[in-house]
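Hi everyone, thanks for coming. Could you all bring the model up on your screens? I'll walk you through a few places in it.

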Amino acid sequence: MTRMIRTTLITTAVVYAGVVPALAQQGGRGPGFGPPGPPPKLTRIKDNIYVVENQAAKLSDLAAYGGNATIYLSDKGVVLVDSKFERVHDDITTKIKSLTNQPVKYLILTHNHGDHSGGAAKFEAEGAQVIISTRDRENLAKTPNQTWLPSMTYSGRATLFMSGKAIELREMRGHTAGDTVVYFPAERVICAGDLVTLPWEDIPLIINYGDGGNWTDWSHSIDELLKMDWDVLVPGHGPAIDKQQLRDLQNRMVQVIDRFRTLLREGKNQQEISQAILKEFNWGTGPAAGLIPGMMVELR
Ligand SMILES: [Zn+2]
């Protein structure tokens with residue numbers, strides 16, 4: 001790998017892992033991202049569940065607008081899963097108001113990253129109770145320039161009841177130390193946050209070592225997700241998928257991890273492994289490139 005390519009990869013990876021919130025302040029434009037497309041769209045997942053989803057599942061739109069935000073409607077109020085960046089707050093509230101007169105009662109954050117949690121303080125100021133796992137609140141607390149923190153946390157599991165229907169929060173690990181999966185059993189819908197991201201080419205599966213993520217925990221979490229009873233999974237980025245698509249995605253990543261381990265056992269160095277994985281699986285460039293050094297340690 002030439003030094004220039006390597007520098008580009010590292011720059012892109014650093015941008016994705018740590019500087020996406022900073023990009024939000026620059027209007028979502030950053031190196032290698034290009035201009036974003038039109039604002040997010042509203043997609044109906046089930047009768048009472050909608051997703052505010054970027055029109056293009058690309059890094060440019062991710063940097064401008066953030067990840068998926070899921071709207072759950074009930075006659076006792078709205079439950080929102082993730083808030084995207086603060087700059088799309090008005091867009092999200094306009095979309096919610098087009099569906100219901102009810103206020104946002106709870107905002108559940110799947111994890112601490114700005115593209116999912118950036119708009120949370122504003123929803124809280126408007127009356128929503130924000131909930132995040134204890135571990136990911138700790139991640140948020142150590143984020144530079146973070147002036148606001150959620151007032152409610154949980155560990156393990158928690159359940160909300162809205163109009164008699166359960167909404168389950170399950171703490172899983174992988175992308176961060178305390179990812180929250182939100183499960184709507186009556187609707188058979190699950191929001192997986194960044195444990196699942198799509199499409200592979202533009203927004204690859206990624207874990208965040210700095211925030212306590214790793215591939216071992218990620219694999220266990222995906223196993224757990226596959227055991228649960230649901231029809232539709234809303235990923236952290238990209239369109240909703242079914243169970244077979246999640247299996248396919250897991251198989252693909254497990255193959256990458258297995259191949260990585262084999263190459264490590266063969267004594268290959270970081271550069272050789274990066275090149276092989278990239279060529280064989282089209283994985284490990286862009287945002288995923290920054291994970292390679294961590295994987296050299298974790299998968300050894
Ligand atoms: Zn994330």
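Let's start at P199, which sits in the loop between strand 11 and helix 7. Helices here are DSSP runs of H or I with at least four residues, strands are E runs of at least two, and both are numbered from the N terminus. The peptide bond from L198 to P199 is cis, with omega near -10 degrees.

A word on the source: this is a predicted model, where local features need pLDDT of at least 70, side-chain atom pairs count only at pLDDT 80 or more, and totals for chains, interfaces and linings use all residues. Residues are numbered from 1 along each chain as its sequence is written.

Two other loops have something for us. S163, in the loop between strand 8 (157–162) and strand 9 (165–172), has a phi near 50 degrees, a positive value in a residue other than glycine. R188, in the loop between strand 10 (179–184) and strand 11, also isn't a glycine, yet its phi is positive at about 60 degrees. Most residues other than glycine have a negative phi, and most peptide bonds are trans.

Now, how much of the protein chain is buried? Of its 300 residues, 46% are buried. Buried means that 20 or more other C-beta atoms, placed from the backbone, lie within 10 Å of the residue's own; exposed means 12 or fewer, and partly exposed is in between.

On to the largest nonpolar core, which has 71 residues, and where L80, L107, I108, V181 and A192 touch the most other members. Such a core is a set of buried Ala, Val, Leu, Ile, Met, Phe, Trp, Tyr and Cys residues joined through C-beta atoms within 7 Å. Strand 11 (residues 189–197) gives this core its largest share, six residues.

Finally, look at helix 7 (residues 215–227) and helix 8 (residues 243–265): their axes come within 11 Å and cross at roughly 160 degrees. Axes are lines fitted to C-alpha atoms, for helices over the stretch in contact, with angles from 0 to 180 degrees between N-to-C directions. So helix 7 is roughly antiparallel to helix 8, a label for angles over 145 degrees. Among the residues that meet are W215 and I222 from helix 7, and L246 and V254 from helix 8; contact means C-beta atoms, placed from the backbone, within 7 Å.

Conventions:
Angles under 35 degrees count as roughly parallel, over 145 as roughly antiparallel, 65 to 115 as roughly perpendicular and the rest as oblique. Two residues are in contact if their C-beta atoms, placed from the backbone, lie within 7 Å.
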